[in-house]
Amino acid sequence: MDWFAYFAYNRENLMHIDWDSTYCLTPQEVDTILRSLQQFQLGESSEGKHFIARAEQYVKRSGDTAYMPALRLFIQEEQRHARDLGRFMEEQELPLAQKDAVDSAFRFLRGLIDLEVMVFVLVMAEVFAMTYYKALHDATQAPVLQQICRQILRDEVKHLQFQGGMLAKIQRGRSAPGLFITRFLQRFLFTGTLFVVWMNHKQVYQASGFTFGKFWRKNWQHFVHTVEPQVKRIMPFTEQVSGS
Ligand SMILES: [Fe+2]
Ligand SMILES: [Fe+2]
């Protein structure tokens with residue numbers, strides 16, 4: 001897959017967002033989504049400086065020169081998600097978050113060791129995004145927010161493939177015991193993160209009909225499909241928005 005070509009095409013072919021909509025969030029909607037939305041909006045806004053620095057080292061080592069241009073467009077796409085959510089929040093007169101403990105923890109983890117850890121943490125964030133924006137879409141009646149969620153979901157399907165493929169590339173050639181330990185650590189970290197995300201965002205998930213069991217199941221499905229390469233299929237966007 002030519003990821004640069006994909007991201008360049010996607011940038012020019014965005015879904016319509018009806019910014020003229022006059023819908024005003026109800027106090028109950030604000031109560032349900034505000035804190036959670038603030039966290040996700042902040043999480044989408046990273047400039048990716050550490051990531052780019054590590055990726056440049058990787059390209060020097062591996063000669064995978066196609067990676068950098070695609071990565072830059074990928075980061076721009078995440079920043080568009082932050083921009084759209086931020087614009088929606090400003091129009092609804094909702095305050096943006098400046099700092100957040102969970103976001104800081106994600107950023108800390110991402111910058112911790114090497115590109116593999118960064119990509120893995122990003123993959124986890126993409127996995128949660130798949131269920132989160134589906135839940136957020138269903139938790140509100142605001143047309144603009146629903147349209148933003150649809151666009152983000154469509155983008156995130158590809159992000160999962162892009163980053164999942166990158167993770168597989170980094171881990172290629174690792175010995176069987178090495179891979180076994182990697183899988184174990186990944187699953188361990190993912191399990192812990194599942195609880196943290198549920199605790200922080202359960203209001204949004206529950207408002208859209210997610211129980212903890214469904215949250216657990218759906219996220220594990222995406223995780224296994226993306227991170228463990230024997231299973232290739234990734235759920236299409238339509239299944240995300242209309243499926244159970
Ligand atoms: Fe995103
Ligand atoms: Fe993403």
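Biologist: Not counting residues up to four places away in sequence, which residues does His81 touch?
Modeller: Happy to start there, with a note that this is a predicted model: local features need pLDDT of at least 70, side-chain atom pairs count only at pLDDT 80 or more, and totals for chains, interfaces and linings use all residues. Residues are numbered from 1 along each chain as its sequence is written, chains are lettered from A and ligands numbered from 1 in the order in which they are written, and side-chain values use heavy atoms, with hydrogens and water left out. Taking contact as heavy atoms within 4.5 Å, His81 touches Glu44, Ile152, Asp155, Glu156 and His159.

Biologist: Is His81 buried or exposed?
Modeller: His81 lies in helix α4; helices here are DSSP runs of H or I with at least four residues, strands are runs of E with at least two, and both are numbered from the N terminus. Buried means under 20% relative accessible area, exposed over 50%, and partly exposed in between, with a 1.4 Å probe and protein chains only. His81 has a relative accessible area of 0%, so it counts as buried.

Biologist: Which side chain makes a polar contact with the side chain of His81?
Modeller: A polar contact is a pair of N or O atoms within 3.5 Å; within protein, one must be able to donate a hydrogen and the other to accept it, and residues adjacent in sequence count only if both atoms are side-chain atoms. For His81, the pair is 2.7 Å apart, and the partner is the side chain of Asp155.

Biologist: Which residues coordinate the iron ion (ligand 1)?
Modeller: Donors are N, O and S atoms within 2.8 Å of the metal (3.2 Å for Na, K and Ca), and water is not among the atoms, so sites may look incomplete. The donor residues are spaced E-x33-E-x2-H-x74-E in sequence. At 2.0 to 2.7 Å, the ion is coordinated by Glu44 (OE), Glu44 (OE), Glu78 (OE), His81 (ND1) and Glu156 (OE).

Biologist: Which residue coordinates both the iron ion (ligand 2) and the iron ion (ligand 1)?
Modeller: The protein donors of the iron ion (ligand 2) are Glu78 (OE), Glu126 (OE), Glu126 (OE), Glu156 (OE) and His159 (ND1). Glu78 lies in helix α4 (residues 67–91) and Glu126 in helix α6 (residues 115–139), so the pair ties together parts 48 residues apart in sequence. The two iron ions are 3.4 Å apart, and the residue that coordinates both is Glu78.

Biologist: What is the angle between the planes of Trp198 and Tyr205?
Modeller: Rings of Phe, Tyr and Trp (its six-membered ring) pair if their centres lie within 6.5 Å; planes under 30 degrees apart count as stacked, over 60 as edge-to-face and the rest as tilted. The structure holds 30 aromatic pairs. One of them is tilted, joining Trp198 and Tyr205 at 6.0 Å centre to centre, and the angle between the planes is 35 degrees.
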